[in-house]
Amino acid sequence: MSGRLLQLAWRNLWRNPRRTLIAMSAIGFGYVMLLFVACLMAGLRQQMIETGTGLVLSDIQVHAPAYYPNRPMHQTLGGQKGTNVTTLVAAITADPRVYAASPRVYGYGLASAGDQSAGVEILGVDPHQEQKITVLQTRIVKGSYLTEGMPKGIVVGDKFVTTNGVGVGSEIILLTQAADGSMGNDLYTIVGIFHTGLDTVDGSLVLMSLSSLQELLRLPPVRIHEIGIKLHDVTEATTAAAALGVQLSKILPVRVRAWPDLVPELADYVQFNRSVTFILFFIFFLLAIIGIVNTMLMAVIERTRELGMLMAVGMRPVQVVGLILAEAAGLAGASLVLGGAIGVPVLWYLQVHGLDLGSAIDEFSLAGVVVGRHWYGRQDFFAYSQAALGLAVTALASALYPALRAARFRPTEALRKI
Amino acid sequence: MIMRLQKRSVTLCIGLALLSLAQMSHAADDQRARAIVDRIARLFISKSSISEVEMQITNENWQRNISMRIWSLGEEKILVRIISPPEDAGTAILKVGSNSWYYLPKTKRTIKTPASMTMTSWMGSHFTLDDLVKQSYLTNDYVITTAFEGTRNGVPVYEYTLTPKPTTVVVWGKILLQVRQADQMPTWQRYYDEDGKPVRELTFSEYITVKRRLIPTRLVMRPLNKPGEQTVILYKNVNFDVPISNETFLLSNLQR
Amino acid sequence: MSGVLLLVKIGWRNLWRNPRGTLLTALALGLGLALLLVSLGLLDGLHEKMVSDGVRFGTGHVVIQAKGYQDTGSQDLLLPAQVVSTTAEFLHTEPMKRLVRGVSPRLLASGLLSSAANAAGVGIIGIMPKEERAVSLIPSRIVEGKNLTDDEQSGVVIGAELARKLEVKVGSKVVLMTQAVQQPDREATDPGEGGMQSTLLRVSGIFRTGVQAVDAHVVHLLLPVAQTLLGVPGRVTQIAVLLEREGDSLMVARDLRKQLAGVAVEVLPWRESMPRLVQIFRLDQAFNYVMNGVVLAMVGLGILNTILMRVLERRYEFGLCKALGLRPLQLAVMIIGESLALTTISLALGLALGSIVHYYIATFGLDLHWLFKGGAPSAFVFDPIIYSRLSLSRIVSSVSIVFLTTTVISFYPAFKAARTELPDALKVF
């Protein structure tokens with residue numbers, strides 16, 4: 001494509017500034033809409049992931065190879081000998097992507113109060129470290145989270161509390177099979193009650209201090225089941241997990257899993273969310289095609305005489321096509337720039353302030369609200385560039401028909417038109 | 001077919017194996033076989049019993065020996081007190097009908113446990129509490145046939161095949177039982193799933209006469225899909241039809 | 001008056017002097033409307049499906065349970081015997097019949113399922129196969145064997161995880177043990193009675209939902225079998241009702257409550273019986289609103305562009321009209337008349353096209369399988385087939401919005417054109 005043609009194309013656009021500007025605004029604003037949608041959708045994904053992983057799971061989990069998913073008690077990290085927990089945690093936090101890491105121990109047993117008993121899953125955590133990797137402490141509805149001062153304190157869910165008729169301060173006996181086969185049992189006090197909205201968690205999860213659980217299970221301090229990891233950016237989970245897997249395997253045999261492995265249904269939702277964004281893009285492209293074809297066709301028809309003249313003085317049909325396409329490309333490019341410029345403050349606003357949904361969604365507020373009234377956006381540059389690319393392609397495709405029409409003008413007839 | 005627990009006087013029994021032998025009373029095919037198996041099944045039936053039992057558990061993660069004393073009265077009441085090892089000493093388990101309680105000496109508390117706990121592996125062994133403390137499953141039907149009659153390792157034995165009838169409520173496909181011809185004592189019992197794969201094996205030995213009954217006092221249960229694991233039950237002291245008062249089985253007495 | 005009429009007639013004929021241009025514009029506008037309708041239909045259908053699938057894994061849009069069950073979940077709390085028949089009757093009469101997709105009575109309990117190899121604690125659900133299939137998603141997730149049928153007294157359907165743990169396959173023997181229900185009105189005659197009951201079952205089918213908790217835990221048997229096992233003939237724990245539209249939940253719940261007034265039951269719409277779903281759907285609803293707005297804005301832009309373009313091109317022509325004596329106001333009226341006519345044609349086109357596409361998708365569904373990597377989506381999402389849902393109000397509002405937008409937009413250039421100075425208008429380029 002000769003430079004001259006491009007110059008001509010560009011100047012043609014501006015010979016009818018009003019029309020060009022209108023088209024540019026339409027396409028430009030349309031692009032802003034796409035950016036808006038992509039940003040919100042990315043924010044939605046982020047929120048879903050944080051909700052799904054932030055309460056109990058954490059972003060990445062490190063286990064002994066045979067541990068997950070059945071969680072047999074004896075498959076501790078490093079096997080029977082266990083491992084130096086501090087060293088392992090340090091090795092993990094050395095990776096710059098990692099925000100924090102915390103050790104965990106799991107057990108199963110019977111929780112009994114009065115004449116009620118129920119099967120429970122027991123999670124032993126480091127009260128201080130754990131708060132860096134999960135946010136369960138923000139869901140305490142009564143009492144308080146675990147503290148170092150009360151080693152025999154436990155935190156349970158509100159469903160557990162109603163089913164068993166207990167409350168903060170109640171005494172609970174935990175009975176379990178210890179690592180040496182004996183019947184581990186001890187008395188604990190409920191110090192706090194949480195509400196996550198997840199039935200299984202609220203009904204049968206008992207949270208206690210790691211060392212207390214190790215004591216109950218007769219596990220030495222070097223034996224833990226899992227290390228939970230929180231990253232600075234959860235979208236890097238899969239790559240970070242793979243890298244950590246390689247890194248940690250040098251210390252001891254491990255299997256490192258990112259949250260898509262742990263909650264595949266959430267990963268599916270994220271994928272679905274991406275796809276819906278794509279569909280919305282598609283709808284817009286359809287609309288854009290209609291608009292651009294319309295515009296370009298009218299332009300071409302209106303310039304019949306001019307194009308006829310160009311062809312009469314020697315412009316070849318191919319060049320005419322090229323000219324029209326170049327105009328379309330120019331239009332698209334200019335629109336994208338305009339849209340991008342307007343989009344920047346919009347995207348910034350979405351990320352920092354979010355959309356206030358207070359009035360838009362219905363008033364039902366029974367559930368412990370996981371989603372705040374604000375819908376925050378997040379930048380998704382990949383989607384932004386996909387949108388731009390799609391738009392450019394759409395513009396060129398839409399201009400094809402008008403361009404071909406123009407190429408078929410016969411100079412003699414064209415010149416006669418007024 | 002719903003199976004109801006019927007009232008029968010029963011006492012401490014040793015394994016589900018021998019219990020299911022009681023079901024043979026209606027076996028159709030082999031009359032002599034039926035008679036023998038029937039007799040074996042009634043070996044442990046009595047109105048009450050007190051025994052001292054040692055359980056040696058070996059699994060892939062640990063090895064333990066537990067000694068306990070067991071009282072039983074009628075079919076419904078069972079009391080177990082653990083004597084050793086020290087971590088569990090003083091623990092008591094009371095079962096009355098379908099309710100069961102654990103007394104935990106460390107916390108000095110009694111807790112009520114869900115009935116399903118008595119139906120799964122007890123204290124990490126390969127028996128359930130129900131296996132250990134007999135409940136009779138009567139009116140189940142097996143078809144008994146003699147698979148072998150002759151000498152094995154110099155000992156004349158019978159080997160019977162017990163096939164549950166279509167409506168019998170058991171998970172097994174078949175059970176193979178070997179009995180000594182001389183004294184009609186069981187030597188081993190093997191449980192198979194419906195595909196014919198052997199799942200577990202119970203062996204009997206160390207026969208002793210108690211109140212004019214010859215009984216095996218050493219039982220070994222081996223899960224055949226987990227090599228190296230087993231549970232050995234030794235009856236150190238068995239006494240049948242001894243007077244036991246109902247008060248033994250009161251919840252209030254559990255905390256002694 | 002006749003002046004206006006004449007102007008409108010001229011306006012109309014103006015349209016057809018350039019049939020290609022007119023049609024192109026009408027098509028553009030019409031497609032905009034059609035796209036709007038289809039998008040809204042899909043978004044609504046999507047939302048509806050999310051709710052529906054969510055509730056189908058639980059207790060349906062509306063659930064009837066014994067009072068207090070929601071809080072305690074105690075398996076001893078059963079519905080009084082009459083409730084099942086009363087409810088079924090009520091829901092099978094007009095007008096309820098049209099709103100209801102399925103009614104499934106269920107008996108819930110926990111128990112122990114044993115196989116030769118292993119045993120596991122399970123959640124028992126006694127069901128009536130045909131009714132359950134209309135409500136729950138589990139019957140459609142069978143991967144091996146088949147669903148229960150009414151004549152298979154000893155059949156049980158279990159999850160893939162459970163089958164793996166118990167090392168069983170279709171046809172294997174399993175024994176189900178459970179504690180018979182404590183009836184408050186019955187005396188415990190002896191500790192043995194009302195104790196553990198067992199029954200022999202054979203695996204009829206194995207399902208996979210993808211949700212670990214369900215696949216490892218839930219077992220389905222025939223309702224009568226479960227009732228006998230638990231010693232409660234004729235009673236159930238809950239009745240799950242699935243509706244055609246989520247929007248009717250509150251109303252149906254209210255009507256059922258009235259119908260069952262005086263009986264100790266709780267009739268809960270899904271937001272109360274499954275509050276955790278509400279969080280997800282609040283988000284989805286917000287999403288819906290925003291997306292509606294976006295699509296509307298996009299379509300609006302398209303309309304704006306089209307109309308403006310069209311009017312601006314004809315400045316020469318308008319200038320000519322004025323030069324020939326048409327007064328500014330008359331010109332404006334003519335232009336507006338044209339716009340209205342054009343809009344009407346476009347709307348008709350758009351409505352027709354949109355309705356056809358909507359109807360197609362509403363009947364056959366839009367299969368979105370290809371959106372999921374790996375093909376099989378997990379339970380949380382659903383079978384990715386969306387059926388378009390368009391309520392009348394949506395259609396009316398969409399059409400009105402497009403109509404208004406188009407008309408309002410044409411006012412500006414109409415008056416602008418009317419006021420153009422003659423010499424400017426007659427400039428050719």
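**Chains A and C, and a lysine in chain B**

The model is a predicted one, with pLDDT of at least 70 needed for local features and 80 or more for side-chain atom pairs, while totals for chains, interfaces and linings use all residues. Side-chain values rest on heavy atoms, with hydrogens and water left out, residues are numbered from 1 along each chain as its sequence is written, and chains are lettered from A and ligands numbered from 1 in the order in which they are written.

Chain A holds 14 helices and 12 strands (DSSP runs numbered from the N terminus, with helices being H or I of at least four residues and strands E of at least two). Its radius of gyration is 31 Å, well over the 22 Å that the globule rule gives for 418 residues, so chain A is more spread out than a compact globule; the radius is taken over C-alpha atoms, and the rule is 2.2 Å times the number of residues to the power 0.38. Along the principal axes, the C-alpha atoms of chain A fill a box of roughly 105 × 50 × 30 Å. Of the contacts in chain A with a separation of 6 or more, 78% join residues 24 or more positions apart, a contact being heavy atoms within 4.5 Å.

Turning to chain C, there are 16 helices and 12 strands, and 55% of its 429 residues are buried. Residues 24 or more positions apart make up 80% of the chain C contacts with a separation of 6 or more. One helix to look at is α2 of chain C, residues 19-56: its 38 residues should span 56 Å at 1.5 Å a residue, and the end C-alpha atoms sit 53 Å apart, which agrees. The expected span is 1.5 Å times one less than the number of residues. This α2(C) helix is mostly covered, with 32 of its 38 residues buried.

Over in chain B, B:K197 sits in the loop between β11 (186-192) and β12 (198-210). With 45% relative accessibility, B:K197 counts as partly exposed. Leaving aside residues up to four places away in sequence, B:K197 touches B:Y191, B:Y192 and, in chain C, C:E167. Another lysine, B:K226, is 29 residues from B:K197 in sequence and 14 Å away in space, C-alpha to C-alpha.

Terms used
Buried < 20%, exposed > 50% of the residue type's maximum accessible area, 1.4 Å probe, protein only.
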